[in-house]
Amino acid sequence: MFAKARARFQRRIREWAKSRQGPDGRRVTIAQRRLYILPTPQGFLFGLTLFVMLLGSLNYANSMGFMLTFLLFSLALLSMHAAHANLLGLELVAASAEPVFAGETARFHLAVHNPSRRVRIAVTLSAERDERTVTSDIPADGQNLAPVPLVTARRGWQSLGRLAVESSYPFGLFRPWSWVYMDWKVLVYPAPAEQAPPLPEPLGGQGLGRPNQQGEDDFGGLRQYQRGDSPRRIAWKASTRHEELLTKRFSGAGEQTRWFEWATLAGLDDETRLAVLCRWVLTAHAAGMAYGLKLPGAVFPPASGEEQRQRCLQALALFGGVAEMQP
Amino acid sequence: MNAVAAPFGHERDLERQRLDWVLVALAVMAAPHLLHLSPWIGVSAALLALWRLVAQRRGWRMPGRYSRYALALSCFAGVLVTFHTLNGPEAGTSLLLLLAMVKLMESKGLRDYFLLMVIAYFLGIANFLYDQTIQLALYMIPAVLFTTVALLNVAHPDPERKLGTSLRSVARLLLPALPMAAVLFLLFPRISGPLWGFGSLKHQGVTGLSTSMSPGDLSQLAQSDEIAFHVKFDGVAPPRSELYWRALVLHEYDGKTWSSGNLPWRGEADAVTEGAPIHYQVTLEPNNLSVLYTLDLPTKLPDDTYLSASYETFTHGSVTERKLYDATSYARARYGTAMPLWMLRRDLVLPKDDDPRARALAQKWRSAAKTPEEVVQYALTMFHDQPFHYTLQPGVLTGADRIDQFLFDSRRGFCEHYAGAFVYLMRAAGIPAHVVIGYQGGTQNPLDDYYVVRQQEAHAWAEVWMAGRGWLRVDPTGAVDPARVEEGLADSLPDEDLAGSIYVRYPWLGAVRNSWDALDSGWDKWVLAYGPALQERFYDKIGLDYGDWLQLALVLGGMVAGLMALYWLYLLWDRRPPAAPPVVRDYARFCARLARLGLPRAAHEGPLDYARRVVAVRADLTETVLDITDRYVELRYQDEGDPRAFRRLVTGFRPRRRGKAAPDRA
């Protein structure tokens with residue numbers, strides 16, 4: 001019940017902050033009005049200690065006790081300003097966020113600029129939906145790249161949500177923080193299936209009307225052995241020279257094209273189908289094969305290379321018009 | 001298992017840094033305590049800390065929960081055995097220190113270490129319960145600095161951070177905190193009297209006046225350079241030979257030790273006075289006795305004190321804190337003229353059947369003399385004419401008949417020997433007599449008019465009672481060695497090792513000591529004694545009403561807020577944007593001059609575009625404008641060229657307005 005009330009309170013605070021700050025762009029300056037500050041649990045403990053010290057000094061009419069108590073009190077009070085100023089004026093610029101597979105950690109790279117003459121220390125960034133933080137010092141008149149982690153659960157667009165910038169430097173008595181609501185998403189591919197059926201056999205002659213040629217005629221070089229390569233294709237002589245297994249590659253018109261089709265995976269549920277297709281795309285890409293992808297409503301003609309991989313994975317990620325993950 | 005698993009890698013480095021700094025903080029804050037706590041406490045704390053340090057380095061397992069409980073219990077037991085209590089400052093600080101070390105055995109993470117930091121600060125402030133000297137205050141400055149550096153490194157450990165960086169960061173906070181602390185110190189309302197009872201502070205090993213004297217034992221007191229009290233006279237001070245500071249009167253002798261005897265009888269201030277009164281103010285160091293020192297013979301006493309029948313000034317509790325009091329005395333005064341015989345009787349008692357030679361001598365004097373005064377004179381003449389020697393190393397007297405041993409065999413002694421033997425002889429001759437202990441002398445500090453009386457000036461003398469005249473002071477030591485009374489101990493003992501004698505040999509050292517004493521007494525008077533009374537005077541001086549709490553709260557709050565605002569401005573200034581490079585500033589000057597001609601540079605405009613636009617309007621400036629622009633681009637973007645030549649060029653660039661008729665558009 002207490003937790004519930006707390007959660008409700010936190011939600012109200014968040015809404016209040018969001019409504020008074022307004023939405024953020026890809027570049028945010030931590031200005032006075034969006035920088036909040038509260039004592040930490042350590043700060044409260046320190047305050048209690050000071051109170052006991054004051055009582056002791058009063059009781060023993062101890063002048064030096066008063067002096068030390070007041071010095072520590074002033075120090076704590078000034079450290080509040082110091083903590084506040086440690087964050088004030090920093091600029092956050094959204095840099096990059098590479099797509100990841102569901103279940104992996106996405107990294108939202110933010111450039112933290114410090115357009116001032118004093119180094120900013122122990123600046124900590126974290127996404128609301130991830131407990132992990134990244135901390136670094138921001139040099140004077142310089143910047144640092146902070147890879148903010150965000151764990152992903154399912155495929156689709158995942159937005160960063162609320163970002164917190166904080167630092168309790170110098171003494172950990174006060175924690176100033178700023179909330180940033182950047183409209184920033186990362187693409188999450190489906191998690192590739194752990195156990196996928198073998199790749200579909202190449203469909204000789206069916207690929208875009210190309211004549212079926214003897215694929216093993218045109219030797220196209222060597223590549224690293226990958227699981228699933230036919231032992232007949234291993235270049236045994238070359239492998240002994242390079243101290244690793246090498247597989248002969250055959251290219252050109254003879255390269256076989258494979259089609260990965262949604263339809264062939266009938267009987268599985270949608271997400272599993274996508275996971276299997278994802279695994280196939282990855283395997284084929286790693287093997288340098290050309291492949292095509294057929295999804296209901298979308299066909300990606302056979303090709304190979306990084307672009308094809310991205311195209312296909314994105315289509316799998318966004319298949320079925322998945323709703324965007326919102327906080 | 002309860003053992004704390006050692007963290008790996010980076011996390012472990014952070015833990016290590018936290019541990020190191022917490023130990024630094026605990027060490028610097030606990031160090032002064034170790035001087036007055038039982039040695040086993042310091043040794044155990046150091047061993048536990050050392051073990052923890054090695055365990056951290058070697059990755060040893062921390063002790064389990066039950067081992068820690070056992071350790072904590074043994075700490076409690078040890079403190080209980082040592083102090084017989086868990087209460088009070090001494091037992092409290094011992095317990096705090098030991099339990100901090102037990103806590104250290106399970107500490108990991110920010111919370112645990114922060115708690116230990118708080119304990120370190122507590123130990124720090126507890127130091128002031130024992131000692132508030134300038135020396136300790138000076139020690140505490142770096143101690144607080146390093147403890148606060150520790151706090152910073154515990155809150156935000158960073159193995160890359162250098163000590164100098166931490167020190168500078170903390171100094172930038174501590175320095176602005178000082179004026180605020182001073183304001184709070186002066187204005188925060190003080191109260192008189194404790195909020196709860198004082199814990200008893202055992203002043204172990206405190207030197208001071210002892211309440212008895214055993215002339216057979218060597219006195220260590222006479223060697224001590226410590227200050228007993230300060231005196232300030234209103235008007236002219238009496239000569240040194242009259243500065244007899246009366247403390248206690250010793251009535252009883254048991255063959256070895258002179259002591260006060262029973263509880264003192266209360267007396268009336270019935271002294272017969274002569275001459276002018278002497279008003280003076282005494283700042284008494286804690287003596288842990290319930291007696292105040294007054295100049296012989298006091299007539300007006302401070303409040304809350306009472307006078308005994310022997311003119312001792314008693315307080316109602318021990319003087320455990322520095323005490324300031326006013327008193328009035330007369331140098332020539334007699335008391336006890338009407339003292340009843342039953343009261344005099346205790347000053348005639350001698351142990352049975354001892355010191356036969358002294359008794360025989362006294363009997364001989366008594367039959368030879370016509371008046372008691374003559375008996376006194378016989379004794380003083382004996383001390384003066386016979387080969388008696390004043391020395392601080394008289395050798396030990398043992399066994400029975402000590403007075404005989406001294407008077408007829410060793411004949412070496414200091415004030416206690418002479419006063420004791422004299423009183424013994426007087427009593428044997430039937431004259432009421434007793435020993436008075438206190439101080440004799442005092443050194444004036446030319447810097448602040450204060451007389452300083454040190455422990456080494458402790459003295460013992462005698463008083464004899466004469467019918468019709470009352471009690472008269474007789475100082476037999478003066479008969480042996482007049483210099484002791486007139487010039488002080490140092491002059492009377494030129495060849496003996498004496499704490500103060502070095503100052504006589506090297507006068508400049510004396511000057512240093514005088515300045516130090518002046519500083520010390522200023523510290524006592526203005527800093528340590530700053531309480532409700534002084535604060536009221538300070539409020540008065542700055543125009544505050546004492547007792548108007550709202551006004552005080554407003555003033556105090558306003559000043560703190562003002563200082564915080566100043567600090568905030570400093571922080572903003574400290575974090576201002578970096579200055580543009582000189583080349584950019586020079587170029588800005590160039591643009592400003594063109595702007596005055598009505599050709600300001602647009603925000604989006606690059607230097608080359610701007611130059612083209614300017615030249616299009618002002619063909620006459622083409623050469624210079626293009627030259628400056630080219631050089632600027634080279635300096636700024638290719639890092640080539642001579643910035644000083646560029647500056648000269650910009651400085652020399654003083655374009656004039658074209659004739660007013662000239663159109664701006666080409």
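Modeller: Let us begin with chain B of this predicted model, where residues 24 or more positions apart account for 73% of the contacts with a separation of 6 or more. Chain B has 23 helices and 19 strands, and 33% of its 666 residues count as buried.

Colleague: Why is helix 2 of chain A called roughly antiparallel to helix 3 of chain A?

Modeller: Helix 2 (residues 41-60) of chain A and helix 3 (residues 63-87) of chain A pack at an angle of about 160°, with their axes 9 Å apart. Angles over 145 degrees count as roughly antiparallel, and therefore helix 2 of chain A is given that name relative to helix 3 of chain A. The crossing of helix 2 of chain A with helix 3 of chain A is left-handed.

Colleague: Which residues make the contact between helix 2 of chain A and helix 3 of chain A?

Modeller: From helix 2 of chain A they include A:Phe46, A:Leu50 and A:Tyr60, and from helix 3 of chain A they include A:Phe66, A:Leu72 and A:Ala76. By class, the residues of this contact are nine nonpolar, four polar and no charged.

Colleague: How many residues of chain B are in contact with chain A, and what does helix 7 of chain B give to that side?

Modeller: In chain B, 44 residues are in contact with 43 residues of chain A. Among the elements that give two or more residues to that side of chain B are helix 5 (109-130) and helix 7 (163-187), and helix 7 of chain B gives the most, with nine residues. That side of chain B has 35 nonpolar, six polar and three charged residues.

How values were computed
Residues are numbered from 1 along each chain as its sequence is written. Chains are lettered from A and ligands numbered from 1 in the order in which they are written. This is a predicted model: local features need pLDDT of at least 70, side-chain atom pairs count only at pLDDT 80 or more; totals for chains, interfaces and linings use all residues. Two residues are in contact if their C-beta atoms, placed from the backbone, lie within 7 Å. Helices (H or I, at least four residues) and strands (E, at least two) are DSSP runs, numbered from the N terminus. Ala, Val, Leu, Ile, Met, Phe, Trp, Tyr, Cys and Pro count as nonpolar, Asp, Glu, Lys and Arg as charged, and the others, Gly among them, as polar. A residue is buried if 20 or more other C-beta atoms lie within 10 Å of its own, exposed if 12 or fewer, and partly exposed in between; C-beta atoms are placed from the backbone. Axes are lines fitted to C-alpha atoms, for helices over the stretch in contact, and angles run from 0 to 180 degrees between N-to-C directions. Angles under 35 degrees count as roughly parallel, over 145 as roughly antiparallel, 65 to 115 as roughly perpendicular and the rest as oblique. A crossing is left-handed if the near helix is turned anticlockwise from the far one by less than a right angle, and right-handed if clockwise.
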